[in-house]
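Please look over the model below before reading my comments. They run from the whole chain down to single residues.

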Amino acid sequence: MSKQDNTMDTTPGWARRNIAQARGRFGGAPQGEGDGGWVSRNVPGGPKTLWILLAIVLIVLFVWWLLPGKAKDSMQRGMGGPQPVGVALVQRGPLDVTLNALGTVTPLATVSVRPQVSGQIIRFSFKEGQMVKAGDVIAEIDPRTFEAAVTQAQGTLAHDNALLADARIQLTRQRALMAANATAQQTLDTQAATVKQLEGTVLSDTANVKSAQVNLGYTHVTAPVAGRAGIRTVDVGNFVSAGQTTAIVVVTQLEPISVLFTVPEDNVRAVLERFNSGEDMQVEAYDRGQTVKLATGRLAAIDTQVDPTTGTVKMRAMFANDDGELFPNQFVNVRLLVNTLQNQVVVPSAAVQRGASGTFVFVVKADHTVAMRVVKLGAQQGDRVAVTAGLNPGETVITDGADRLRDGSEVTVPSGQKVSDVKGPEGAGASSGLSDKEKAERRAKMMAACGPDIKKYCADAKGRELMMCIRENRESFSDTCTAELKKMRRSGGGGASRGGPGGP
């Protein structure tokens, strides 16, 4: 045996057990192995792998130190190159000012057809859901009883006419006798009264004949208005009565048809001004999802008072509905054309961004760099919005992909779309909306306060690289420079940060 083998281990047994448990729990080397053994067992490749990884990290850091500031900025933003974007051209043209409202399709007439005489139904002359005209026969009631009543009334009239004719002959004879002094005056007067009495009887009989004929006509139940006949509630053979509450069928007028909708009281004045001038105000009806235009009509009436519970005014629009797209009690979305603005600078709504300094857009230049431009918005119609200040027609704005851009970023536009430089409006500055003169004054103040710091930390940087250098080193600048930079940020006169106007 060697000397090492003969050496006695004097470590207590409980201590040896605790050491073994600790090494097993924390991945330590077994008894008798050094640190190199632990690395060899837990790291694939052993110490050699660790040295290779350390060399790679050092190479990456060295390359990063050699990269220019612009490339670093691109890598920091996670961009491998220019940002692909969607663009649109700023155009000049008309823009409609509309009011959106919720409406309900309301028929001009909904008539419940009820019988006006009693009798048994012997025939229907329509099909359920059929379009009928005013005066078309819908149902027939047994007419025999009413035909007999007409005949009886006509007979009574004929009888009384005969009596009247005889009375008139007698009256003529009495007048002749009276002229010859052959009769009494009383007899003549009595005969004249008899003629008057019979004339009244004949007049009453004539009215009875007409009444019987009207009742006979009521046995043909007709449509009072043109429209669609609904589902009938009685069948052939049923007995119906005059004045019953249950209708035979309901006829609904569909052409033309109206839509009732409400407008907030704050917008009523603008609507009334154009409506009272006699101009036709166009109204469009859309489906529930506001994607399909159902019909186009005109504003027909405005209610006389504001509903105090909702603060709205009810209006009615008329639609020809020749194609039947509007159905009674249908829910629709209404767009009322209030006015049309001419010669407006119009951009897609997707181009408008919002930040700390208000609304702005990214304008693409011919060199495929972007400039942030503060704009003022006007009226909006759907996905188009009017710009009252900040843009000129012909400029190109970004509509998609603007969330990762900042002033001066490089972009790529879809193939086939050309970008040309167009002079912007006078006084339209980048992100802060400052004029060129104001920007020059602020730049002079910044150089006066930060000149020594810029010369020390950013001597060789220019343009965008200079702004990036100022951002990266501003914590090391003097108190005078830092105070000036904070002042510029508070007034919105500095550079632009990602996603909106801001300070350097």
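The points below go through the model in turn.

1. Basis. This is a predicted model, in which local features need pLDDT of at least 70 and side-chain atom pairs count only at pLDDT 80 or more, while totals for chains, interfaces and linings use all residues. Residues are numbered from 1 along each chain as its sequence is written, and side-chain values use heavy atoms, with hydrogens and water left out.

2. Overall make-up. The protein has 11 helices and 25 strands. Helices (H or I, at least four residues) and strands (E, at least two) are DSSP runs, numbered from the N terminus. Of the 504 residues, 34% count as buried. Buried means under 20% relative accessible area, exposed over 50%, and partly exposed in between (1.4 Å probe, protein chains only).

3. Surface and contacts. The accessible surface comes to about 30000 Å². Carbon and sulfur atoms own 53% of that surface. Areas come from the Shrake-Rupley method with a 1.4 Å probe; for residues, only the protein chains shown count as cover. Take contacts (heavy atoms within 4.5 Å) between residues at least 6 apart in sequence: 72% of them join residues at least 24 apart.

4. Helix α7. How far apart are the end C-alpha atoms of α7? They are 50 Å apart, which agrees with the 50 Å that 34 residues (185–218) should span at 1.5 Å a residue. The expected span is 1.5 Å times one less than the number of residues. The buried residues of α7 are Leu188, Gln191, Val195, Leu198, Val202, Asp205, Val209 and Ala212. These residues pack against α6 (144–179).

5. A nonpolar patch. Leu50, Ile52, Leu53, Ile56 and Val60 form a nonpolar patch on the surface, with about 450 Å² of accessible area together. Patches are made of residues with over 30% relative accessible area and no salt bridge; like charges are joined within 9 Å, nonpolar side chains (Val, Leu, Ile, Met, Phe, Trp, Tyr) within 5 Å. A salt bridge is a side-chain nitrogen of Lys or Arg within 4 Å of a carboxyl oxygen of Asp or Glu. Val60 sits in helix α4 (residues 47–66). Val60 counts as exposed because its relative accessibility is 51%.

6. An open sheet. Four strands form it in the order β8-β7-β5-β10, with antiparallel pairing. Its edge strands, β8 (220–222) and β10 (239–240), each pair on one side only. Two strands pair if DSSP finds at least two bridges between them. Strands β5 (residues 119–124) and β7 (residues 137–141) pair over 3 bridges. Phe124 stands opposite Ala139 of β7.

7. A cis peptide. Which sense does the bond from Glu255 to Pro256 take, cis or trans? It is cis, with omega near -5 degrees. Pro256 is in the loop between β11 (249–252) and β12 (257–264).

8. Positive phi. Gln290 has phi near 60 degrees, a positive value in a residue other than glycine. Gln290 lies in the loop between β13 (282–286) and β14 (293–302), and is partly exposed at 38% relative accessible area. Asn329 has phi near 65 degrees, also positive. The loop holding Asn329 runs between β15 (312–319) and β16 (331–348). Asn329 is exposed, at 64%.

9. Arg288. This residue also lies in the loop between β13 and β14. Is Arg288 buried or exposed? Its relative accessible area is 63%, so Arg288 is exposed. Not counting residues up to four places away in sequence, Arg288 touches Phe331 and Asn333. Arg288 and Asn333 are 45 residues apart in sequence, yet 6.4 Å apart in space, C-alpha to C-alpha.
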